[in-house]
Amino acid sequence: MPQGNKVMRLRSLIAGGLAAATLCVAPIASAQEEHVKPARQDWSFYGPFGKYDQAQLQRGFQVFREVCSNCHSLKSIAFRDLIAPGGPAFSEAQIKALAATYKIKDGPNEAGEMYERPGVLSDYFPWNFPNAQAARAALNAVPPDLSVIAKARGYERGFPLFLIDPIIQYQEQGPDYIYALLTGYTHADDPFWDEFMPGHKIAMPMPLSDGAVDYTDGSPKTVKQYAKDVTAFLMWAAEPKLEERKRLGFRVLSFLAVFAVLLYFVKRKIWASVHSDAGAEH
Ligand code: HEC
């Protein structure tokens with residue numbers, strides 16, 4: 001029975017392949033279990049209809065400005081970006097006044113000297129440190145620029161979640177990680193201990209504490225709320241056009257769905273005549 005043999009061989013091949021795959025995946029999975037994995041959070045920007053929450057982005061910017069910007073840069077964001085619709089969308093007057101409180105290095109002037117002037121809307125967010133060496137000297141490590149950190153960080157979801165994630169359109173590993181990192185300082189006696197860093201050591205001392213940022217919209221002044229808001233803000237900084245992308249994606253998929261239905265009827269029409277012709281001959 002050559003046919004039966006072939007089927008048998010195929011079956012054992014598949015079984016062997018599956019066993020090998022399980023063997024490969026198992027050690028990876030158990031190695032990862034040693035790390036605590038960030039938990040999934042509820043984000044307003046999750047899913048095909050996800051949107052940024054303007055009030056949350058405004059609070060997140062407040063946390064960034066009052067806390068994180070003491071150490072981190074945000075090079076890709078200009079003051080005027082904070083006015084644009086779809087983002088924190090502050091008023092122009094608010095951001096003009098804010099920009100003017102920063103001293104921006106400019107020049108050289110006609111005498112060939114660099115000088116400082118108040119910031120304007122077209123300036124990019126300035127860094128508190130003159131250069132990376134100065135930051136390292138002060139902090140023992142260079143704080144990474146936060147412009148795209150929400151997209152640059154993430155974590156392995158492991159089998160089988162990495163197969164399910166594309167179906168449920170889960171793409172928030174970056175924000176989940178940052179939220180976990182900011183809320184992972186659970187050893188009160190050690191400000192450099194973080195649950196989500198390899199070896200639990202981080203050069204960033206616990207940046208947030210309850211009550212540190214004074215919200216004016218009645219939102220809770222807790223580490224969790226600050227972490228959530230600043231993470232949403234960093235997600236916006238990394239992907240300001242997220243809403244547009246999702247809207248376009250939905251339109252393309254709707255078009256494809258309608259097109260598929262039309263194609264089905266066209267196919268039926270074409271093949272209907274072929275069938276009846278063939279029937280007529282026999
Ligand atoms: C006192 C300075 C300081 C402050 C304030 C600070 N950070 Fe940091 N941050 C650092 C340093 C230094 C590192 C590099 C840590 C390392 O390499 O171990 C870092 C690293 C990070 C990382 C990267 C972690 C990784 O996976 O490598 C993120 C994300 C981050 N900070 C976010 C924030 C946010 C958000 C805030 C504001 C709530 C903030 N930081 C406030 C100094 C700071």
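This is a predicted model: local features need pLDDT of at least 70, side-chain atom pairs count only at pLDDT 80 or more; totals for chains, interfaces and linings use all residues.
**Entry 1: helix 2**

I began with helix 2, which has 13 residues. From its first C-alpha to its last I noted a reach of 18 Å, close to the 18 Å expected at 1.5 Å a residue.

Next I looked up which residues of helix 2 are buried, and found Gln 56, Leu 57, Arg 59, Gly 60, Phe 61, Gln 62, Val 63 and Phe 64. What do these buried residues pack against? I found helix 3 and helix 8 as their partners. A reminder to myself while looking at such a list: an α-helix has 3.6 residues a turn, so residues three or four places apart point the same way.

**Entry 2: the overall fold**

Then I stepped back to the whole chain. I found 9 helices and 2 strands, and along the sequence they follow the pattern α-α-α-β-β-α-α-α-α-α-α. The chain has 282 residues, and buried ones make up 32% of them.

I also checked how far apart in sequence the contacting residues are. Among contacts between residues at least 6 apart in sequence, 60% join residues at least 24 apart.

**Entry 3: the iron site**

Which residues of the protein coordinate the iron? I found His 72, through NE2, and Met 204, through SD, at 2.0 to 2.1 Å. These two residues sit 132 residues apart and link distant parts of the chain. His 72 is in the loop between helix 2 (54-66) and helix 3 (92-100), while Met 204 is in the loop between helix 7 (173-182) and helix 8 (223-238).

Why is the arrangement octahedral? There are 6 donor atoms around the iron, and the angles they subtend run from 83 to 179°, which makes the arrangement octahedral. For my own reference, the ideal angles for six octahedral donors are 90 or 180 degrees.

His 72 is buried, because its relative accessible area is 11%, and the cut-off for buried is under 20%. Met 204 has 22% relative accessibility, so I put it down as partly exposed.

**Entry 4: aromatic pairs**

The rings came next, and I counted 18 aromatic pairs. I picked one to look at: Phe 64 with Phe 125, 5.5 Å centre to centre and with 65° between the planes. Is this pair stacked or edge-to-face? I have it down as edge-to-face.

Phe 61 and Phe 64 were already in my notes among the buried residues of helix 2.

**Entry 5: charges over rings**

I then searched for charged side chains above aromatic faces. Arg 40 lies over the face of Tyr 46, 5.0 Å from the ring centre. Lys 228 lies over the face of Trp 43, 5.2 Å from the ring centre.

**Entry 6: backbone details**

Where are the cis peptide bonds I noted? One runs from Gly 107 to Pro 108, with omega near 0°, and Pro 108 is in the loop between strand 1 (103-106) and strand 2. Another runs from Phe 159 to Pro 160, again with omega near 0°. I found Pro 160 in the loop between helix 5 (149-152) and helix 6 (161-168).

Asn 140 has a phi of about 70° and lies in the loop between helix 4 and helix 5. With 67% relative accessibility, Asn 140 is exposed. His 200 has a phi of about 60° and lies in the loop between helix 7 and helix 8. At 27%, His 200 is partly exposed.

**Entry 7: Glu 244**

Last, I looked at Glu 244, which is in helix 9 (residues 242-281). Its relative accessibility of 47% makes Glu 244 partly exposed. How many residues separate Glu 244 from Lys 51 in sequence? I noted 193, with a C-alpha to C-alpha distance of 9.5 Å in space.

Definitions and conventions: Residues are numbered from 1 along each chain as its sequence is written. Side-chain values use heavy atoms; hydrogens and water are left out. Donors are N, O and S atoms within 2.8 Å of the metal (3.2 Å for Na, K and Ca); water is not among the atoms, so sites may look incomplete. Four donors count as tetrahedral if all angles lie between 85 and 135 degrees; four count as square planar and six as octahedral if opposite donors are over 155 degrees apart and all others between 65 and 115; anything else is irregular. Helices (H or I, at least four residues) and strands (E, at least two) are DSSP runs, numbered from the N terminus. Buried means under 20% relative accessible area, exposed over 50%, partly exposed in between (1.4 Å probe, protein chains only). Rings of Phe, Tyr and Trp (its six-membered ring) pair if their centres lie within 6.5 Å; planes under 30 degrees apart count as stacked, over 60 as edge-to-face and the rest as tilted. A charge sits over a ring if NZ of Lys or CZ of Arg is within 6 Å of the ring centre and within 35 degrees of the ring normal. The expected span of a helix is 1.5 Å times one less than its number of residues. Contact means heavy atoms within 4.5 Å.
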